[in-house]
Amino acid sequence: MPELDLTARLQAVLFVATEPLSTERLAEATGASAKDTLAALAQLEVQLASTGLRLGELDGKYRLITAPEAADTIRRFLREEANSDLSRPALETLAIVAYRGPLTKSAIEAVRGVASDTMLRNLLSRGLITEVGKSSEPGRPVLYSISQTFLQHFGLTSLRDLPPIPEVATEA
């Protein structure tokens, strides 16, 4: 079997990477020089221009991302997947973490009014939320926040893309 060229090897590494990778890390992974890696990344960007993927770069780190033109299709697919895969309590917990996070399990439970252990374990195992540190409260409970996977799963680029919370009329 013929060996893949540098551009194809970079594409493969970026496909399996769980986080954005620097030029140095990509060069190390492929055994290429930084100069050759940058040239191959430019070539990969051109090759991907007519596909459903793009080469994303932020602060000198690269990752494969979906094409903006595919956003509606992806959003529709993820919405169907999210609605079928996540229970109403799981979505409720996710919304609380997304809009109010980072926050502790007890803060989530105070909003929901019920125990949230199972929901948190479920969301952690799916990678939709992550532990981001410890609170300064007594006992130093874990703080939960949404993950990059959450953003990808729901077709968002940042928390600013979340729809606003509707105003709820309160009785006097």
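**Figure 1. Helices and strands of the predicted model.** The protein has eight helices and six strands in a predicted model. In sequence order, these elements follow the pattern α-β-α-α-β-β-α-α-β-α-α-β-β-α. The radius of gyration is 20 Å, well over the 16 Å given by the globule rule for 172 residues, so the protein is more spread out than a compact globule. Along the principal axes, the C-alpha atoms fill a box of roughly 70 × 40 × 30 Å.

**Figure 2. The sheet of β1, β2 and β3.** These three strands form an open sheet with antiparallel pairing, in the order β1-β3-β2. The edge positions belong to β1 (21-22) and β2 (53-58); each has a single partner strand, so one side of each is left without a neighbour in the sheet. Between β2 and strand β3 (residues 61-66), which run antiparallel, there are six bridges. Glycine 56 has arginine 63 in β3 as its bridge partner. Helix α1 packs on this sheet and touches β1, β2 and β3, with its direction at about 75 degrees to that of β3.

**Figure 3. The loop between β2 and β3.** Aspartate 59 lies in the loop between β2 and β3. Its phi is near 55 degrees, a positive value in a residue other than glycine. Most residues other than glycine have a negative phi.

**Figure 4. Packing of α1 against α3.** Two packed helices are described by the angle between their axes and the distance between the axes. For helix α1 (residues 6-16) and helix α3 (residues 34-48), the angle is about 80 degrees and the axes are 9 Å apart. That angle makes α1 roughly perpendicular to α3. On the α1 side, the contact is made by Leu6, Thr7, Leu10, Gln11 and Leu14. On the α3 side, the residues are Asp36, Thr37, Ala40, Leu41, Gln43, Leu44, Gln47 and Leu48. Sorted by class, the contact of α1 with α3 has seven nonpolar, five polar and one charged residues.

**Figure 5. Packing of α1 against α2.** The axes of α1 and helix α2 (residues 23-30) cross at roughly 110 degrees and come within 10 Å. The two helices α1 and α2 are therefore roughly perpendicular to each other. The crossing of α1 past α2 is right-handed. Leu6, Arg9, Leu10, Val13 and Leu14 of α1 meet Leu26, Ala29 and Thr30 of α2 in this contact. By class, the contact of α1 with α2 has six nonpolar, one polar and one charged residues.

**Figure 6. The sheet of β4, β5 and β6.** An open sheet of three strands has the order β4-β6-β5, with antiparallel pairing. β4 (103-104) and β5 (129-134) are at the edges with a single partner strand each, so one side of each is left without a neighbour in the sheet. Two bridges pair β4 with strand β6 (residues 142-146) in the antiparallel sense. Tyrosine 144 in β6 is the bridge partner of leucine 103. Helix α7 (residues 117-125) packs on the sheet and touches β5 and β6; the direction of α7 makes about 110 degrees with that of β5.

Figure 7. Proline 102 sits in the loop between α5 (88-100) and β4. The peptide bond from glycine 101 to proline 102 is cis, and its omega is near -5 degrees. Most peptide bonds are trans.

How values were computed: Residues numbered from 1 in each chain as written. Predicted model: local features only at pLDDT ≥ 70, side-chain atom pairs only at ≥ 80, totals over all residues. Heavy atoms only, no water. Pairing = 2+ DSSP bridges. Helix = DSSP H or I, 4+ residues; strand = E, 2+ residues; numbered from the N terminus. Contact = heavy atoms within 4.5 Å. Axes fitted to C-alpha atoms, helices over the stretch in contact; angles between N-to-C directions. Parallel < 35°, antiparallel > 145°, perpendicular 65-115°, else oblique. Nonpolar A, V, L, I, M, F, W, Y, C, P; charged D, E, K, R; others polar. Left-handed = near helix turned anticlockwise from the far one by under 90°. Rg over C-alpha atoms; globule rule 2.2 N^0.38 Å.
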